[in-house]
Amino acid sequence: MVSLKVISILSAFFTAFPLAASAPAEGRTHNGKTTAARPNLSPYPLTTGKKFPTSPRRTKTCFIDALGSGRDDGPQILAAAHKCNNGGTLAFLDDLYTIGTPLDLTFLKHVDFDIQGTIRFTDDIDFWIRNQFEYYYQNISSFWQIGGTDVNLFGSGKGVIDGNGQKWYDAFDTNKLNTTFRRPLLLVFDGIKGGQMSGITMRNSPNWNTLIANSSDMIFHDMHVEAKSTSNIQAKNTDGWDTYANKPMKTLDRSDNIIIQNSVINNGDDCVSLRGNSTNILIQSLACNGSHGISVGSLGQYYQNQDIVENVYVFNITMTNASDGARIKAWPGVFGEAMPGWVGGGGTGYVNNVTYDTMLLNNVDYAIEITQCYGQKNLTACNERPSTLEIKNVYFHGFYGVASKKYDPQVGSMICSSPEVCHDIHAYNINVLAPSGKAPYYTCFNMDESLLGVKCQPWKG
Ligand SMILES: *[C@@H]1O[C@H](CO)[C@@H](O)[C@H](O)[C@H]1NC(C)=O
Ligand SMILES: *[C@@H]1O[C@H](CO)[C@@H](O)[C@H](O)[C@H]1NC(C)=O
Ligand SMILES: *[C@@H]1O[C@H](CO)[C@@H](O)[C@H](O)[C@H]1NC(C)=O
Ligand SMILES: *[C@@H]1O[C@H](CO)[C@@H](O)[C@H](O)[C@H]1NC(C)=O
Ligand SMILES: *[C@@H]1O[C@H](CO)[C@@H](O)[C@H](O)[C@H]1NC(C)=O
Ligand SMILES: *[C@@H]1O[C@H](CO)[C@@H](O)[C@H](O)[C@H]1NC(C)=O
Ligand SMILES: *[C@@H]1O[C@H](CO)[C@@H](O)[C@H](O)[C@H]1NC(C)=O
Ligand SMILES: *[C@@H]1O[C@H](CO)[C@@H](O)[C@H](O)[C@H]1NC(C)=O
Ligand SMILES: *[C@@H]1O[C@H](CO)[C@@H](O)[C@H](O)[C@H]1NC(C)=O
């Protein structure tokens, strides 16, 4: 009996400290700097109820010495990623790294990024326009892409990924209608199976900050997103996070089991945006400022393509200076072009089982916005051909605070294109005030108002 007990204690010890005998990745000194311990992240306070794979301790370290003077560190980062693949840590301990060429890191297995300095992308627009990674979806592109199994990035509160976006912001102002002027996303995760990112500031992305594509089992924690223009031209499309998947059916076809939590976002577009094929997503304890809210969509942009967003929980969000708090946007059933590059409609699929629970609003135009006429300026046409993307089983509750003056005393808008494709939408415990003190109302169209604990007024188009 005694020996059995000892064995169980020992096995508990080895489970808690796997590979304790081999060289730990943390606490290694190089050029007077020391590697950090990978933080042990867990979902808090809520979980998706799904398991996250364990990430074994790393057993080798590749120190990357910045070349300095703006020289391109991309090639040596790629070499280090090959060398430290299968169980190593890439240590970025210097103050400033520069990346000036596209970096494809989609082959990683059990790799950590210990980022203690700044990784900055060059702002040679002419070069990047010709050399970035390009993706089909919405003509997006990126400087680098990271994919593989069990990949962690941690910045210990010091790490920065800097998109150096000012030139892009200024140039976009005269290229808004130019579909060949693609601005890179700051970070694309493409095909991650198990990954974490924490303690990193994402600064001045030229476009969306972090795309989670074709990926599963990821946790983002203690992140900081800052996108701000210093000229009089605004930083546009600086979404905090976007999720989607477009693998063919039968392979991994969802971005699934993703948690984004405990983070601060100062940006100028969606704080988080869940796009087609995002399932089991939990977003909790975010402070968003200046954004377009926590969005589902836009969905149904691509004709007869099926977008699914299912099992989403959004909890404990502080939303300040924003156009929206909670937002669900689907393209209409009819294909149209609102402006060049802004084309779509007629996609299929559904939004199912989405909950927004507890949101504190301050200076937000619409507490809740639902539209099935996204991207279509001709609302008559939209309502003649209802959306082929269904919205159902949506819950909004625990909304409080004060809206903005923009539509005062209107504080929300829920426009469905037909009750058949938009139903079981519930709102309760909603107490969002209008700044004027007048009775707040929501514009409602094709909604089952018996499920809405808010005051509706008809939509006049
Ligand atoms: C993408 O760019 C092409 C031209 O390169 C354009 O025809 C298309 O409308 C753009 N937009 C989308 C959403 O694909
Ligand atoms: C559109 O952007 C591309 C890439 O920057 C550029 O070469 C082209 O001149 C631009 N077109 C116009 C009409 O400005
Ligand atoms: C979602 O997956 C379907 C089928 O695999 C695909 O047609 C659709 O384009 C995907 N959506 C996105 C946003 O990629
Ligand atoms: C996601 O997977 C699809 C299908 O394999 C691929 O076409 C696409 O480039 C991948 N990544 C992104 C970012 O869309
Ligand atoms: C809600 O989020 C804030 C940070 O924005 C955090 O301080 C607070 O502890 C969270 N509340 C709960 C119940 O998790
Ligand atoms: C929120 O955004 C506004 C407008 O960009 C800015 O003035 C303010 O400083 C931001 N607040 C915080 C806490 O960063
Ligand atoms: C709805 O989504 C939540 C997560 O937000 C999940 O816990 C629940 O099981 C889902 N309900 C159904 C019926 O799948
Ligand atoms: C909202 O924006 C105003 C100025 O635009 C800024 O003074 C204020 O700090 C912002 N609120 C928060 C909470 O960041
Ligand atoms: C809007 O759509 C309706 C119905 O399809 C059509 O009759 C009308 O001409 C359209 N209006 C404009 C301005 O395109």
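Q: Where is the place of Tyr 44?
A: First, a heads-up: this is a predicted model, where local features need pLDDT of at least 70, side-chain atom pairs count only at pLDDT 80 or more, and totals for chains, interfaces and linings use all residues. Residues are numbered from 1 along each chain as its sequence is written, and side-chain values use heavy atoms, leaving out hydrogens and water. Strands here are DSSP runs (E, at least two residues), numbered from the N terminus. Tyr 44 sits in the loop between strand 2 (33-34) and strand 3 (60-63).

Q: Is Tyr 44 buried or exposed?
A: Buried means under 20% relative accessible area, exposed over 50%, and partly exposed in between (1.4 Å probe, protein chains only). Tyr 44 has a relative accessible area of 60%, so Tyr 44 is exposed.

Q: Which residues does Tyr 44 touch, not counting residues up to four places away in sequence?
A: Touching here is contact, meaning heavy atoms within 4.5 Å. With that neighbour rule applied, the answer is Gln 261 and Gln 284.

Q: Which residues surround ligand 6?
A: A residue counts as near if one of its heavy atoms lies within 4 Å of the molecule. For ligand 6, that gives Lys 228, Asn 266, Asn 289 and Asn 321.

Q: How many Å separate a polar side-chain atom of Asn 289 from an oxygen atom of ligand 6?
A: A polar contact is a pair of N or O atoms within 3.5 Å. Asn 266 has a polar side-chain atom 3.2 Å from a ligand 6 oxygen. For Asn 289, the value is 2.4 Å.

Key
Chains are lettered from A and ligands numbered from 1 in the order in which they are written. A polar contact is a pair of N or O atoms within 3.5 Å; within protein, one must be able to donate a hydrogen and the other to accept it, and residues adjacent in sequence count only if both atoms are side-chain atoms. Helices (H or I, at least four residues) and strands (E, at least two) are DSSP runs, numbered from the N terminus.
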